[in-house]
Amino acid sequence: QCQNLVIDDYIKLTWLTIADVPGAILPILFIEKVGRKKLMGSSFLLGSMLFFLLYICPIQKNAFVGIVFVVRFSMVFAGSVVWVYTPEVFPTAIRGIGVGSCSSVGRIGAMATPFFAEVLLR
């Protein structure tokens, strides 16, 4: 079932990665004008709706890449707004515990993933 990647797949992956750049820069322009909650909510909603669309509708490969581009853009956009919004809401002690805990769990998951992938691929 698995297929090797071809050059075209790498090009499409590059386009998807490029979505991170405007997704990280555009919140700087809109965050004070529109508001943090509205930006965060609308970008999460847009990304979720389009991701759900991918789940329910079979589409062509190029349309898939375009939709995933917008999904990735909106998730990076929302993540950028979250990084600005969170320090304003939570006190430093709670924020430090939360960031440290999430970082630890993320690193444990990154270390465990190759082992689980090996088991799942058999």
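Student: Where is Leu16 found?

Tutor: Leu16 is found in helix H1. Helices (H or I, at least four residues) and strands (E, at least two) are DSSP runs, numbered from the N terminus. Before going on, note that this is a predicted model, where local features need pLDDT of at least 70 and side-chain atom pairs count only at pLDDT 80 or more, while totals for chains, interfaces and linings use all residues. Residues are numbered from 1 along each chain as its sequence is written, and side-chain values use heavy atoms, leaving out hydrogens and water.

Student: Is Leu16 buried or exposed?

Tutor: A residue is called buried under 20% relative accessible area, exposed over 50%, and partly exposed in between (1.4 Å probe, protein chains only). Leu16 has a relative accessible area of 13%, so it is buried.

Student: Which residues is Leu16 in contact with, leaving aside its neighbours within four places in sequence?

Tutor: Contact means heavy atoms within 4.5 Å. By that rule, Leu16 is in contact with Val65, Val68, Phe69 and Arg72, once neighbours within four places in sequence are set aside. Compare Val6: from C-alpha to C-alpha, Leu16 and Val6 are 16 Å apart in space, and 10 residues apart in sequence.

Student: What about Lys12?

Tutor: Lys12 has its place in helix H1. With 13% relative accessibility, Lys12 counts as buried. Leaving aside residues within four places in sequence, its contacts are Lys61, Asn62 and Val65.

Student: Which residues of H1 are buried, and where do they sit around the axis?

Tutor: The buried residues of H1 are Asp9, Lys12 and Leu16. They cover an arc of only 65° around the axis, so they are on the same side of H1. Such an arc is taken from the directions running from the helix axis to the C-beta atoms. The face turned away from that buried side carries the exposed residues Ile7 and Trp15, while H2 and H4 are among what covers the buried residues.

Student: How do I read the pairing of H1 with H2?

Tutor: Axes are lines fitted to C-alpha atoms, for helices over the stretch in contact, and angles run from 0 to 180 degrees between N-to-C directions. The axes of H1 (residues 7-18) and H2 (residues 20-34) come within 4 Å and cross at roughly 5°. That makes H1 roughly parallel to H2 (angles under 35 degrees are roughly parallel, over 145 roughly antiparallel, 65 to 115 roughly perpendicular, and the rest oblique). Leu16, Thr17 and Ile18 in H1 meet Asp20, Val21 and Pro22 in H2.

Student: What lies in the loop between H1 and H2?

Tutor: Ala19 lies in that loop, and at 0% relative accessibility Ala19 counts as buried. Ala19 touches Phe69, Arg72 and Phe73, not counting residues up to four places away in sequence. Phe69 is 50 residues from Ala19 along the chain, yet their C-alpha atoms are separated by 5.8 Å.

Student: Which residues does Ser74 touch?

Tutor: Ser74 is found in helix H4, and its relative accessible area of 1% makes it buried. Not counting residues up to four places away in sequence, Ser74 touches Ser43, Leu46 and Gly47.
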